[in-house]
Amino acid sequence: MKLPPRSHLLPLQQEALLVAGRIRSQRDHALFTLALGAGLAARAIAELDVGHVSRDGVSIREQIETARSDRREFWANHNGRVLLPRPVRQVLAEHLASTRASCPHFSRPMRDVIGPDGVQRCASCRLATDLVKVPLFLSRRHARLSPRRIRSLFADYRGQLRLPERLNFDSLKATFDAAA
Ligand SMILES: [Zn+2]
């Protein structure tokens, strides 16, 4: 029997991680699903805005949309494209629904302000009023999740689930790559 390389998650470990994410936080579940199901590393995920995966903040694109000028080879999982399989799209749609539910401004007009970056923002939650400009993954304080934070989140789950120390967030991408 051929054993998988040491940096990969076994199917049961993947399942345990996804279930634990589902229980603890929709966001974490979506993070792990995207990394495992589309082959994205922490650095690539941290750069995503809602607009990269959705035209309208509701429906999910079949592949991640990047600007033509972007040099982001580290995103690509197939001929330079990052495909979003149906199960991943479904989880992302639920994730966007919970993002939209996080502040009433997504469903009714509220006071807004122009941020120091020139972006029109909700005066209450400070997120961009245009959902497609909001980072796809947010911290509790509504800041973009950094690659470092994504990696430390994974380490929390790894401890909780008693997964091997050698695994890190980017082992999810390695697991995807090995299966592709
Ligand atoms: Zn708001």
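Helices (H or I, at least four residues) and strands (E, at least two) are taken as DSSP runs, numbered from the N terminus. The structure is a predicted model, in which local features need pLDDT of at least 70 and side-chain atom pairs count only at pLDDT 80 or more, while totals for chains, interfaces and linings use all residues. Residues are numbered from 1 along each chain as its sequence is written.

Leu 163 is located in the loop between helix 6 and helix 7 (171-179). With 19 other C-beta atoms within 10 Å, Leu 163 is partly exposed, because a residue is buried at 20 or more such atoms, exposed at 12 or fewer, and partly exposed in between, with C-beta atoms placed from the backbone. Leaving aside neighbours within four places in sequence, Leu 163 is in contact with Gln 13 and Arg 158, contact being defined by C-beta atoms, placed from the backbone, within 7 Å. Leu 163 and Ala 16 are 147 residues apart in sequence, and their C-alpha atoms are 9.5 Å apart in space.

Ala 16 also takes part in the packing of helix 1 and helix 6, where Ala 16, Leu 17 and Ala 20 of helix 1 meet Tyr 157, Gln 160 and Leu 161 of helix 6. The axes, lines fitted to C-alpha atoms over the stretch in contact, are 11 Å apart, and helix 1 (residues 11-24) packs on helix 6 at an angle of about 110°; angles run from 0 to 180 degrees between N-to-C directions. The two helices are therefore roughly perpendicular to each other, a class that covers 65 to 115 degrees, with under 35 counted as roughly parallel, over 145 as roughly antiparallel and the rest as oblique.

Notes
Two residues are in contact if their C-beta atoms, placed from the backbone, lie within 7 Å.
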